[in-house]
Every structure is written in structure tokens, then in C-alpha cells.
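Take the model below one feature at a time.

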Amino acid sequence: MSGSVPQPAEPGAASPVDPVAPIDRTGGYLGPTAAAAVAAASRATPARWRLLLRRPAFWVGAGIVLFWVVCAVFGHVIAPYNPLAQQLLAANAAPSSAHWFGTDPLGRDVLSRVITGARDILIITPLATIIGTVLGTALGLAMGYLGGWFDTTVSRLVEAFLSLPFVIIALLFVVAVGASVLSITIIIGLVFTPLIARTVRAAVLVERHQDYVSASRLLGENPARVMFGEILPNVMPAIVVEFTVRLAYAIFALVTLSFLGLGVQPPTPDWGLDIAANASGLLAGYWWQTLFPALAIASLVIGVALIADTIEQVLGS
């Protein structure tokens, strides 16, 4: 019986037993071309972040968010007045050198309340978004990878959940557990969970048929290892984009709850709460009491949206 004669290795080619040859996901050794591809892929993420830092929109958004972060951390130092102090003799005062943003019906300085009002928003919304992202990612990975009856059942439940208005869901939760910083954070996080799960599921459905997933299965890796160790890093760009987008929505959600009296409770400085309390003053010409909190909301949302849009463009390029 004739056998094949081993051919000498090409100069510069990696030997199959070379301990320093690069290894792919399946445990096999890569040649020079594939090794170069792996090296390029490993440099892709840093290159994208460098590209992100070259975008003016990112810096504008980051500057706006950083400004409000500083206000949230050092608000009581920066604010010219105590945001809870009432000066009834100076009630409804128009913007002036003494009160740059005017005063509200109780004589409280609007500028001081706007500055200190950033604190709860920048505590609750990131935490709520993190909760929704973690739970939604885990659920989306399971739905997309396991498929079958599990995916079908959970998908129907997600669709039913998403068919309900956010305000109705929040109202039910608040009535059940009460209004507090912790409960509002959990409520917003749970509302975002199915939204994020649906996005992650769509990304996982693309990855589950890739060769590296099939190789991991053949190697006998358990589903959790495949989902979180193999698929998760490859869908991370979609998760990052979803996180930044949901962060902007979380700001709107918290402000809406506060406006309806279901969020942060008075007399705590809060933008949504102040708009609701002073909305009737618009008819009397006290426009500053609602305008400046509204501008604060708009600026923060725009800052987060600029960051989200830039990240999406860079990761999608």
C-alpha cells in the first residue's frame, strides 16, 4: 500500500507542532495568513476606540454628561442657595443677578434646584440601565442560543409585556412596592429587560451558526460556557450600543414618573417633579420655573444620545 510522502514545510510557515504558533478558537494551529487575521481582529477594538475619540460629537456629548456628573457630585457646593430653603418674600421672582434662574412659588432658587436635581437622575438611571442590560443580556443569550420551545415561550411573554404602556407597568409596580429610589431603579431596569433581551437575541441568532460555536459544541463545552465565554464577546458591541441608547430612555422614564408623582418625592429637587409642580405658572407668565428644568432634561438626553450615536457609528463601521 502506497503512502503519501510528507512534504517539507514552506519557509516561514508555522509547524503543526510548533508551540508558539497561534491557535484558533477550535484548538487548531493557524498559518501565517490566518494569524495575521487574528492579530488584525485583536487590534480592531482599540482602533475603533481611537476612531471614537476623533469624533467631535462624542466629545460634545461627553462634555455635557460630564458637566451634569460634576453637578450631581458637587451640587450642594456649586449651588448658590439651599435648594430646600423657602423665601416666601421672594416667591415667583424673575431671573435676576440675585437669582439667575428666578425662584419658584415657594421662593426656592430654581438654579440651585436644577443643579442639585441632577443627583438622583444620575444615580437612578445608570443603575437601572445596568440592571436591565445584565438581565436582558442573560435572557437574550438564552433565547437566541437555546431556541426551541424556550425561545418561543419567552418571546411570546416578551411581546405581551411590551404591549403594555410603560406608565401602566410602572404604576402597578409602584402601587405594589411603593415609591422609593430603590423601587424606581428596579422598575425601570425590569421594564428595559425585555427590550434589551430582544436586541441581544437577534445578535445571538446571527452568531449561533458560526464555526466557532459549532467547534465549541464539538469540544463538549456546556451551554453556559458557549453563551458567556464564546458568543457574549462577539455580541458585546450590540450590547454597548443598546446600553447607551437605553440610558437616554431611562432619563425620560424617570422624569415621566416624577412628573406623574410616581418617582422622586417632594421636596427633593427633581427636574420632572419641578416641572409638574410649576406647570400652572406658565399661564401666569412664570416661564422660568419650567423652562430651565426642561432645558436640563433636554441637554442631558442630547449628551447621552450623541455618545450613543457616535458609538453606534464607530462599532458599525
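Arg119 is partly exposed, with a relative accessible area of 41%. Asp120 is buried at 11% relative accessibility. The side chains of Arg119 and Asp120 meet in a salt bridge, 3.4 Å from N to O. Here a salt bridge is a side-chain nitrogen of Lys or Arg within 4 Å of a carboxyl oxygen of Asp or Glu.

This is a predicted model: local features need pLDDT of at least 70, side-chain atom pairs count only at pLDDT 80 or more, and totals for chains, interfaces and linings use all residues. Residues are numbered from 1 along each chain as its sequence is written, and side-chain values use heavy atoms, leaving out hydrogens and water.

How many salt bridges does the rule give? The count comes to seven. One of them pairs Asp274 with Arg113, with the closest N and O atoms 3.0 Å apart. Asp274 lies in helix H10 and Arg113 in helix H3, so this pair ties together parts 161 residues apart in sequence. Asp274 is buried, at 6% relative accessible area. Arg113 is buried too, at 3%.

Arg156 pairs with Glu159, the closest N and O atoms being 2.9 Å apart. Both residues lie in helix H5, three residues apart, about one turn of the helix. Arg156 is partly exposed at 44% relative accessibility, and Glu159 is partly exposed at 45%.

Now the overall fold. The protein has 11 helices and zero strands. Helices (H or I, at least four residues) and strands (E, at least two) are DSSP runs, numbered from the N terminus. Of the 317 residues, 39% are buried.

H5 (residues 148-162) also meets H7 (residues 181-207): their axes come within 10 Å and cross at roughly 135°. Axes are lines fitted to C-alpha atoms, for helices over the stretch in contact, with angles from 0 to 180 degrees between N-to-C directions. H5 is therefore oblique to H7. Angles under 35 degrees count as roughly parallel, over 145 as roughly antiparallel, 65 to 115 as roughly perpendicular, and the rest as oblique.

Leu66, Val69, Val70, Val73, Phe74, Val77 and Ile78 make a nonpolar patch of about 630 Å². Patch residues have over 30% relative accessible area and no salt bridge; like charges are joined within 9 Å, nonpolar side chains (Val, Leu, Ile, Met, Phe, Trp, Tyr) within 5 Å. Areas come from the Shrake-Rupley method with a 1.4 Å probe, and for residues only the protein chains shown count as cover. Val77 lies in helix H2 (residues 56-78). Val77 is exposed, at 69% relative accessible area.

Val226, in helix H9, is buried at 0% relative accessibility.

Finally, the backbone. Most residues other than glycine have a negative phi, and most peptide bonds are trans. Asn92 has a positive phi, near 60°. Asn92 lies in the loop between H2 and helix H3 (110-116) and is partly exposed at 22% relative accessible area. A cis peptide bond joins Pro266 and Pro267, with omega about 5°. Pro267 sits in the loop between helix H9 (223-259) and helix H10 (271-278).

Conventions. Buried means under 20% relative accessible area, exposed over 50%, partly exposed in between (1.4 Å probe, protein chains only).
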